[in-house]
Amino acid sequence: MTRLRIALAPLGSLDLDSEVAFAWLDRQGQVREQGRSSLRALGQGAKSISVECFLHPRDSLLTRLELPLLPAAKITAAVTCAAQALMLGASEQMQVAHSPRGTDGQVQIAWLDRESLAHLGRLVHQAGMKLRGLYPAAYALPVLSGPVACIEDGHLLVRHDLQYAVVQPLQEEALDEWLLEIGAGLHWVAEAPPQPSISTLADTQRWTGPAPGWGLHAGLSRNAVERGGWGRAAAICATALAVWVVGLNLYAAREAAQGQRLKVQMSQRVKQAFPELPVILNPLQQARQQIAARQSGAASDPAQRFSSLVQQAGSAMPFMSGNVQALVFENGELRLNVVAEAQKTTAEEDWKIPLAQAGIDVVAIDQGWTLRAATVGQGSQDAPDENPDADDE
């Protein structure tokens, strides 16, 4: 069974007659034929050809992020949340795809605006082909024992392994430094830079890489492709509607930006107060759950409560280092006995503020201090929530 692979032109100018590079691969995955043609001409060869498309380097937006160990059901939510800070447009207008989490905690992420994705889907459908896969440009390169690199339209493409690839604008100075850093083991497709440690591959090898198993094509449903004929009518209606809601959109964008800033600040505060939380997805709800659990005495078992109190004390009371004479944990309270000199040097009580923010009471005793979870009825923490539905705002 032969396969057709296409290296697309930039999506902003792509149409049925745009010139694109293509290659036919045989059953063994080797190039049987390559050249340049148009989507219209390629689709006339046979009915319902399955095609793998590779984005132009300018459209290949991808990066790597490190994520904590999460259940598979939460990986996508964590990736979407993390990718929002990297996107220029609204996240709901983007199709995000990601690789599985690697053993090193790294996840490869790629994204493309849904409008361009839908445009590509319509073109492939009109050409009489089926989109089997859509990947960033570097994933056409083969996977070998070392990195495989090439230059395409002013961009450096590098593939490290099945999941990890890089696409970046080419800068001569940065390229020289990168080549020195990589050293031996680099494979270069076509003409390589003049370095003896670099092995050269034939130009046909740029098409023979295995697909990574994930891609941006997942967001392209068959129904969306078949409805492509209604695109012009939908565009006219959308334009008319946009004239009416432009003011509302500007206001919403301003409020959304402010909301994102608040969400980041809240996440940082919650992470500081509750370091035992592995990931912060809904900071307000998670903080309330942790405070309620601490106040009810069900936050954790004694060992976890002891660890949390010691961790908070070590963070907010650095003057304890080398001065602790005794440390007693009893009935959910941590008693710290210190030398007299250490107690005298802490007349200023600013260090109690982060502990109070973390929901911990500090009581001075003769030999030091007692730390325990704050009880109900203190400060503004007991103010009733007049709008419980605002947790996710």
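Me: Which strand does Glu52 lie in?
Reply: Glu52 lies in strand β4, residues 49-54. Strands here are DSSP runs (E, at least two residues), numbered from the N terminus. A caveat on the source: this is a predicted model, local features need pLDDT of at least 70, side-chain atom pairs count only at pLDDT 80 or more, and totals for chains, interfaces and linings use all residues. Residues are numbered from 1 along each chain as its sequence is written, and side-chain values use heavy atoms, with hydrogens and water left out.

Me: Is Glu52 buried or exposed?
Reply: Glu52 counts as buried because its relative accessibility is 4%. Buried means under 20% relative accessible area, exposed over 50%, partly exposed in between (1.4 Å probe, protein chains only).

Me: What does Glu52 touch?
Reply: Leaving out residues up to four places away in sequence, Glu52 touches Arg3, Leu4, Arg5, Ile6, Arg132, Gly133 and Ala211. Contact means heavy atoms within 4.5 Å.

Me: How many residues does the largest nonpolar core have?
Reply: 44. Leu4, Ile6 and Leu134 are among those with the most contacts inside it. Such a core is a set of buried Ala, Val, Leu, Ile, Met, Phe, Trp, Tyr and Cys residues joined through side-chain atoms within 4.5 Å. A second, separate core has 15 residues, including Trp351 and Trp369.

Me: New topic. Which way do β9 and β10 run?
Reply: Antiparallel, joined by 5 bridges. Two strands pair if DSSP finds at least two bridges between them. β9 and β10 form a hairpin with 2 residues between them.

Me: And what stands opposite Ala149 in β12?
Reply: Trp188. β9 and β12 run parallel, with 2 bridges.

Definitions and conventions: Helices (H or I, at least four residues) and strands (E, at least two) are DSSP runs, numbered from the N terminus.
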